[in-house]
Amino acid sequence: MKIREVNENKKQFIALLLLADEQENMIDHYLEKSTMYVLEDGNVKAECVVTDEGNGILEIKNIAVDPKNQGKGYGKALIDFLASKYADEYSVLQVGTGDSPLTIPFYEKCGFVRSYKIPNFFTDNYDHPIYEGGVQLIDMIYLQRCL
């Protein structure tokens with residue numbers, strides 16, 4: 001297993017990016033100003049995109065694992081990689097996600113705790129309703145992990 005930084009042609013991974021953020025124009029808001037990593041194990045299994053939010057906060061803007069490879073530890077490996085790589089530069093790793101039964105427990109298992117929420121984020125910023133695990137995503141839930 002190898003994790004490498006992607007500096008050019010980040011959109012080549014659009015299929016994975018869209019798994020985590022299903023509206024491409026929303027991805028366009030952060031992709032070019034971010035740092036992207038892909039996890040390879042034979043081929044690309046997962047990706048993550050992070051941004052410097054200031055005040056010692058590194059934010060995961062997008063993280064996704066190829067559906068055929070979910071549940072094999074690749075997502076956790078990326079988060080552990082970020083926590084290790086950025087521990088000296090940042091004090092907090094945070095992520096914003098929908099209040100979903102699929103994603104919240106994953107982040108909690110990775111050491112994140114709920115911090116705050118942005119009401120109506122998904123209904124205000126996306127051009128269609130987004131459902132995950134049978135639940136419509138409305139609020140953006142922020143979780144944080146101390147580094």
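What follows is a short chat about the annotation, the cores and one proline.

Modeller: Heads-up: this is a predicted model, where local features need pLDDT of at least 70, side-chain atom pairs count only at pLDDT 80 or more, and totals for chains, interfaces and linings use all residues. Residues are numbered from 1 along each chain as its sequence is written, and side-chain values use heavy atoms, with hydrogens and water left out.

Colleague: Which residues touch the most other members in the largest nonpolar core?
Modeller: Ile60, Ile79, Leu82 and Phe112, out of 24 residues in that core. A nonpolar core here is a set of buried (under 20% relative accessible area, 1.4 Å probe, protein chains only) Ala, Val, Leu, Ile, Met, Phe, Trp, Tyr and Cys residues joined through side-chain atoms within 4.5 Å.

Colleague: And which element gives the most to this core?
Modeller: α3, with six residues. Helices (H or I, at least four residues) and strands (E, at least two) are DSSP runs, numbered from the N terminus.

Colleague: What is Leu82 in contact with?
Modeller: Leaving aside neighbours within four places in sequence, Leu82 contacts (heavy atoms within 4.5 Å) Tyr37, Cys48, Val50, Ile60 and Leu93. There's also a second, separate core of nine residues, including Leu17 and Tyr30.

Colleague: Switching topic, where is Pro105?
Modeller: In helix α4, residues 104-109.

Colleague: Why does Pro105 count as partly exposed?
Modeller: Because its relative accessibility is 33%, and partly exposed runs between the buried cut-off of under 20% and exposed at over 50%.
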